[in-house]
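Please open the structure in your viewer and keep the selection tool at hand.

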Amino acid sequence: MGYNFGVGREAPAFALTSTDGDEINLKQYRRDWYPVLAFVPAADAGAAERLAGLNEAANALWGLRGQVLAVCDGAREDVVRLAGGVERLAFPILTDGAAVARRYGALHSDGRLLPMAFVIDRSGKIVWSGEGDAALSAPALTAAFREVVR
């Protein structure tokens, strides 16, 4: 689940639009918050469950200055519909046309988005990464966050 791909390197910068129309820039979290970037394939059957788990993680990390940011592929209207199925959404869901996913290594060679997560420190460095459904679970993200952000 957790591994060290990219750990220690500068997190690739991005500016993406959230499902509610706000532009989210990774730099806005510097010096104040720890972004937890989660790549969620929107077309997968388990996408809504993954987002619900991330919602649980977002609520747990909020008091620790952690901000979950979900990055989904697909058309904006499809991602908006997917986000609408999550009750009391506690984090922004961003739409990506694959450019950001590619820079983070979250894109399979056939173009599919891989479920991955990254914890980024306040200086903009990747301090933890994980791949697969287990890495996107609330217990795994919370444990990883607590381990690297002390």
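**Stop 1: Strand β7**

Select M116, F118 and I120, which point one way from β7, and then A117 and V119, which point the other way; all of them are buried, where buried means under 20% relative accessible area, exposed over 50%, and partly exposed in between, computed with a 1.4 Å probe on protein chains only. Helices (H or I, at least four residues) and strands (E, at least two) are DSSP runs, numbered from the N terminus.

Before moving on, please note that this is a predicted model, in which local features need pLDDT of at least 70 and side-chain atom pairs count only at pLDDT 80 or more, while totals for chains, interfaces and linings use all residues. Residues are numbered from 1 along each chain as its sequence is written, and side-chain values use heavy atoms, with hydrogens and water left out.

**Stop 2: The partners of β7**

β4 and β7 run antiparallel and are joined by 4 bridges; two strands pair if DSSP finds at least two bridges between them. To find one of these positions, select L37, whose bridge partner in β7 is F118.

**Stop 3: The nonpolar cores**

Which residues have the most contacts inside the largest nonpolar core? Select L51, L54, F91 and I93: they hold that position in a core of 30 residues. A nonpolar core is a set of buried Ala, Val, Leu, Ile, Met, Phe, Trp, Tyr and Cys residues joined through side-chain atoms within 4.5 Å. Colouring by element will show that β4, α1, β5, α2 (76-84), β7 and α4 each supply at least two residues of this core. Of these, α1 gives the most, with 6 residues.

Now centre the view on F91. Not counting residues up to four places away in sequence, F91 touches L51, L54, N55, A58, Q67, V68 and A70, a contact being heavy atoms within 4.5 Å. There is also a second, separate core of 22 residues, which includes A11, Y29, V71 and A106.

**Stop 4**

Select V79, L82 and A83, the buried residues of α2. They cover an arc of only 100° around the axis, which puts them on the same side of α2; the arc is that of the directions from the helix axis to the C-beta atoms. On the other side of α2, select E77, R81 and G84, which are exposed. The buried residues of α2 pack against α1, β5 and β6 (93-95).

Proceed to T142 in helix α4 (residues 138-148). Is T142 buried or exposed? At 14% relative accessibility, T142 counts as buried. Apart from its neighbours within four places in sequence, T142 is in contact with A57, A60 and L61.

**Stop 5: The salt bridges**

A salt bridge is a side-chain nitrogen of Lys or Arg within 4 Å of a carboxyl oxygen of Asp or Glu. By this rule, the model has 8 salt bridges.

Begin with E10 and K125, whose side chains meet in a salt bridge of 3.3 Å, N to O. The pair links distant parts of the chain, 115 residues apart: E10 is in the loop between β1 (2-3) and β2 (15-17), and K125 is in the loop between β7 (116-120) and β8 (126-131). E10 is partly exposed, with a relative accessible area of 37%, and K125 is also partly exposed, at 31%.

Then select D32 and R65, which form a salt bridge with their closest N and O atoms 2.6 Å apart. D32 lies in the loop between β3 (23-25) and β4 (34-40), and R65 in the loop between α1 (47-62) and β5 (66-72), so the pair ties together parts that are 33 residues apart in sequence. D32 is partly exposed at 35% relative accessible area, and R65 is partly exposed at 30%.

Finish with D110 and R112, a salt bridge in which the closest N and O atoms are 2.8 Å apart. Relative accessibility is 48% for D110, which counts as partly exposed, and 45% for R112, which is likewise partly exposed.
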